[in-house]
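Dear colleague,

Please find the structure below, together with a short account of what was found in it.

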Amino acid sequence: MSRRTALALTAALALGAGLAVLPTQAQAATVVVSTTADLTSAIKNATAGTVIQVRGGTYYPTATLQSTANGTSSNPVTLQAYGSETVKIDGLSLPSGDWIFKLTADYWNVSGITFQNSPDSAVVCQSCTGTNWNNIKTINGGDSGFTLTGDGTVNNTVRNIDAYGNYDAAGHGENADGVAVKFGSGTGNLITGARLYNNSDDGIDLWSFSSPVTIEHTWSFGNGKNRWSDSAFAGDGNGYKLGGDGEVVAHVVNNSAAWDDAGNGFTENSNTGAIVINRTTSYANGKYGYYFATSSAKLGKNLAVSNGSAAVSKGSSVTSAGNNWDSGIATPSFVSTDATTTYNSRKSDGSLPTTTFLTTGFTTIGATMN
Ligand SMILES: [Ca+2]
Ligand SMILES: [Ca+2]
């Protein structure tokens, strides 16, 4: 302890402050970590401009990794895998009900990390502004994989996430979505390049979020099926659940696809707002391809094939043009209905793997599947 610190401590004690706050050593701009303890500390002590590089391996935190340290738009905090090394943060040693990573902060860039086996949600960003999540995986957890929540959720981008295998046993699968943007507000939030599959509840859920969210280049499939031998299974399995809890909001979905979900491919879920859905494909989902019974949705150039209930449930306030259920619009045939390649590794830039599944070669209707 320096003489100056000692004097400050003495002064604080003399003033009856009780617990003196000792100055912490400033963290270096770039921190390379290879132990769970160092990872925990680096995240907690980050300041604007800190770059945390995590060496390859599997980390088992015993408490939620969390930070309230803000970056700035020009000087964000970065949390990333070291080089091209494979980094997994595993929730196996966490107490029941804990999350792996909770951020209540602005301007973080997080990339190249897998968050797996969380007892509850894997990653939660609460009232975050300006965060970027690139090529992360949130998989096989006990509730939703990735969540944006809270008021002041502004200008966040989730790019190329894989979120699969999430299942809330306590709720019999009722709640675990791949990505949840729920219970909050704030504009400028974008989900792009996501692959959301085999989760117990929905692929993506925008329940009770009162500002428009944009979703594009996303695949949502195989959600809401009882893959856990749960005799009271309660997962809903909508590919895209675009509202709820009375919020009237014009979410936007472009060039995305839903297939093999137990529920509807795309649903307003009681949101009466002017939801915009363009150039999407809904194939072989259990219920409707598109369920928009009460909203004033604008549905354009969408393609619905082989869905359980019908292509569309469309209320009188819906604007519908250029979709294959509209009069005079032909249904093009798919190049392939074999989904095997959709599980392949992503391209080197992190984007979705190449597939001909559900492609048609037409530029006027349906998702381009990339
Ligand atoms: Ca549900
Ligand atoms: Ca849900």
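How many bridges join E17 to strand E20 (residues 213–216)? There are 4, and the two strands run parallel. Strands here are DSSP runs of at least two residues, helices (H or I) runs of at least four, both numbered from the N terminus.

Please note that this is a predicted model, in which local features need pLDDT of at least 70 and side-chain atom pairs count only at pLDDT 80 or more, while totals for chains, interfaces and linings use all residues. Residues are numbered from 1 along each chain as its sequence is written, and chains are lettered from A and ligands numbered from 1 in the order in which they are written.

Within E17 (residues 189–192), Asn189 and Ile191 form a covered face, whereas Leu190 and Thr192 form an uncovered one. Leu190 stands opposite Thr214 in E20 and is also the bridge partner of Thr157. Strand E14 (residues 157–159) is joined to E17 by 3 bridges, again in parallel.

A further open sheet has 10 strands in the order E4-E7-E10-E13-E16-E19-E22-E25-E28-E31, with parallel pairing; two strands pair if DSSP finds at least two bridges between them. Strands E4 (65–67) and E31 (310–314) stand at the edges with a single partner strand each, so one side of each has no neighbour in the sheet. E4 is joined to E7 (residues 101–103) by 3 bridges, with Leu65 opposite Phe101.

Methods: Buried ≥ 20, exposed ≤ 12 C-beta atoms within 10 Å, placed from the backbone.
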